[in-house]
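Please read it with the sequence and the structure in view.

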Amino acid sequence: MAPVKGVLLAHTNFPLYTVQSLDERHFLVAGGGGQAKTGVANAVEIHEVKASKQGVQSVAVCRHETGTHAVMNCASFYDGRHHHLATGEDELCRSYSVKYKVVTPTKAEKADTDKANGTATRQRKGEKATDDGTANGSAQKQKQLTFQIEGTGEVATDFSSDGGFQKCVRFFPDFSQLVTGGGDGHVRVWKYPDFKKVLDIHAHKNEIDDLDVSPDGSKIITVSRDTNGSVWNAKDGKKITDLVWNQKTDGAYRFRACRYGLIEGKKDKYNIYSVNIPVTRSAKNQCFISLWDCGKFSIKKTAKTGSEVISSFTVSKEGVYLGVGTISGSVAVYISFSLQKLYMVKEAHSIFVTGVEFMPSSEAARAVTGDQDFNLLSISADNTVRLHQCPERTFINPVWPILALIAIIYFLFSMMADMGL
């Protein structure tokens, strides 16, 4: 059984603000202390998830310092050879190439890694240390898979009068473009990787909290602190419609997050999901997740999530699960089509959740994490990464209940016949 607050995978030396799953065994986290000279690093770290006798664990395999800029948001994709990363660092969008690299660690590097992960090997008396720092029982150097992170470009994407700040970034499905939103209320579309501006939409009167691109690349959805949500044509930037959230509530509400989610894993079938929170926090006011029809842009279903204000939101790649984090540090998972709560952990983190991300659910992933319905990563400014899992639900063949019902009916009729009824 997983720990009550989820599995503690990692503890970094800097606050975490964004998380990305790279493949079945690796995830990326980033954040930092910003420009303040407090000694808190600004960095990107990549961790490898491993199975052990103690359960699922992670080891940091790569770290890249980002200078005076903390990474506050990011998006990534894999082109078949290496990963591409786009980050929000103050007013800048920076791009990075994240390449797989096989290395043989030196004695010093291995000692540093072992010390950081709490697995330092103690040399017994009489044993000789080998070149890689291990005892002579493991004399061969072990090659390790790591990553090489290199900056490839940057562009200013926000021009707020009080200092620019990029709030969100997403790649288009074909990865030829990316879209950014910031504090000045503008949505800007850029060619990738040369950062040539394609569209500039003055979408909202206040900062953009979240945005997403439809799976077919035709639409952009945005939500803003000005309380509104809108859908835009991704080719010409024209507004298609505003999202009208007309639920009966006490007090004013605003959109906080938005995502597209696939239906049955098909790109031509998808839903919109939104998170709505009260404009003024109150212990009585509920937060909501809503499921929208992508054709009519109307609400199909809405569910209350509780009074804890939602701070982060994600949808699994297959569109089956919705992941939620709150400002109280809690983490929850909902079934997408029914909005039924499947998993909930109160105060998994000591302070607000800054990001949630589902890891892949392939067979290769199950070899590491076990047979789980989902594997959800959660991060926080408390410097920790936690893994949340739900054991795979047992499937009951519908034939067996039918056969059981037939057997019961047959038994009852036999009893009645014997009794002469």
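Where in the chain is Ser-316 found? Ser-316 sits in the loop between β22 (310-315) and β23 (321-326). The model is a predicted one. Its secondary structure comprises three helices and 28 strands.

**Overall composition**

- The protein has 421 residues, and buried residues make up 50% of them.
- The accessible surface amounts to about 21,500 Å², with 52% of this area belonging to carbon and sulfur atoms.
- Among contacts with a separation of 6 or more, 49% involve residues 24 or more positions apart.

- Leaving aside residues up to four places away in sequence, Ser-316 touches Tyr-321 and Phe-358.
- Thr-314 belongs to strand β22 and is likewise classed as buried, at 7% relative accessibility.
- With the same exclusion of residues up to four places away, the contacts of Thr-314 include Tyr-321, Leu-322, Gly-323 and Phe-358.
- Thr-314 and Ala-257 are 57 residues apart in sequence, yet their C-alpha atoms are 8.8 Å apart in space.

**Aromatic pairs**

- The model contains 15 aromatic pairs.
- The rings of Phe-77 and Phe-175 are stacked, because their planes stand at 5 degrees, with the ring centres 4.1 Å apart.
- Phe-77 is in strand β6 (residues 73-78) and Phe-175 is in the loop between β10 (166-171) and β11 (177-182), so this pair ties together parts 98 residues apart in sequence.
- Phe-77 is buried, with a relative accessible area of 9%, whereas Phe-175 is partly exposed at 32%.
- Phe-358 and Phe-374 form an edge-to-face pair, because their ring planes stand at 90 degrees, with the centres 6.3 Å apart.
- Phe-358 lies in strand β26 (residues 353-358) and Phe-374 in strand β27 (residues 372-380), so the pair ties together parts that are 16 residues apart in sequence.
- Phe-358 is buried at 9% relative accessibility, and Phe-374 is buried at 2%.
- One aromatic cluster is formed by Phe-77, Phe-171, Phe-175 and Tyr-192.

**Salt bridges**

- The number of salt bridges is 16.
- Asp-209 and Lys-167 form a salt bridge in which the closest N and O atoms are 3.1 Å apart.
- Asp-209 is in strand β14 (residues 208-213) and Lys-167 in strand β10, so the pair ties together parts 42 residues apart in sequence.
- Asp-209 counts as buried, at 7% relative accessibility.
- A network of salt bridges links Lys-167, Glu-207, Asp-209, Arg-225 and Arg-254.
- A salt bridge also joins the side chains of Asp-212 and Arg-170, with an N to O distance of 2.9 Å.
- This pair links distant parts of the chain, as Asp-212 is in strand β14 and Arg-170 in strand β10, 42 residues apart.
- Asp-212 is buried, with a relative accessible area of 5%, while Arg-170 is partly exposed at 25%.

**The β16–β17 hairpin**

- Strands β16 (residues 229-233) and β17 (residues 239-243) pair in the antiparallel sense over four bridges.
- The two strands form a hairpin with five residues between them, and Gly-237 in the turn has a positive phi of about 80 degrees.
- Asp-242 in β17 stands opposite Ser-230.
- The side chain of Asp-242 also meets that of Lys-239 in a salt bridge (3.1 Å, N to O).
- Lys-239 is partly exposed, at 45% relative accessible area, and Asp-242 is partly exposed at 36%.

**Gly-31 in strand β3**

- Gly-31 is part of strand β3 (residues 26-32) and is buried, with a relative accessible area of 0%.
- Gly-31 and Pro-15 are 16 residues apart along the chain, and their C-alpha atoms are separated by 5.7 Å.
- Not counting residues up to four places away in sequence, Gly-31 has contacts that include Phe-14, Pro-15, Tyr-17 and Ala-41.

**Nonpolar surface patch**

- Ile-408, Phe-411, Leu-412, Met-415 and Met-419 form a nonpolar patch on the surface, with about 520 Å² of accessible area together.
- Met-419 is in the segment after α3 (399-418) and is exposed, with a relative accessible area of 57%.

Technical notes: Residues are numbered from 1 along each chain as its sequence is written. This is a predicted model: local features need pLDDT of at least 70, side-chain atom pairs count only at pLDDT 80 or more; totals for chains, interfaces and linings use all residues. Side-chain values use heavy atoms; hydrogens and water are left out. Contact means heavy atoms within 4.5 Å. Patches are made of residues with over 30% relative accessible area and no salt bridge: like charges are joined within 9 Å, nonpolar side chains (Val, Leu, Ile, Met, Phe, Trp, Tyr) within 5 Å. Accessible areas come from the Shrake-Rupley method with a 1.4 Å probe; for residues, only the protein chains shown count as cover. A salt bridge is a side-chain nitrogen of Lys or Arg within 4 Å of a carboxyl oxygen of Asp or Glu. Buried means under 20% relative accessible area, exposed over 50%, partly exposed in between (1.4 Å probe, protein chains only). Rings of Phe, Tyr and Trp (its six-membered ring) pair if their centres lie within 6.5 Å; planes under 30 degrees apart count as stacked, over 60 as edge-to-face and the rest as tilted. Two strands pair if DSSP finds at least two bridges between them.
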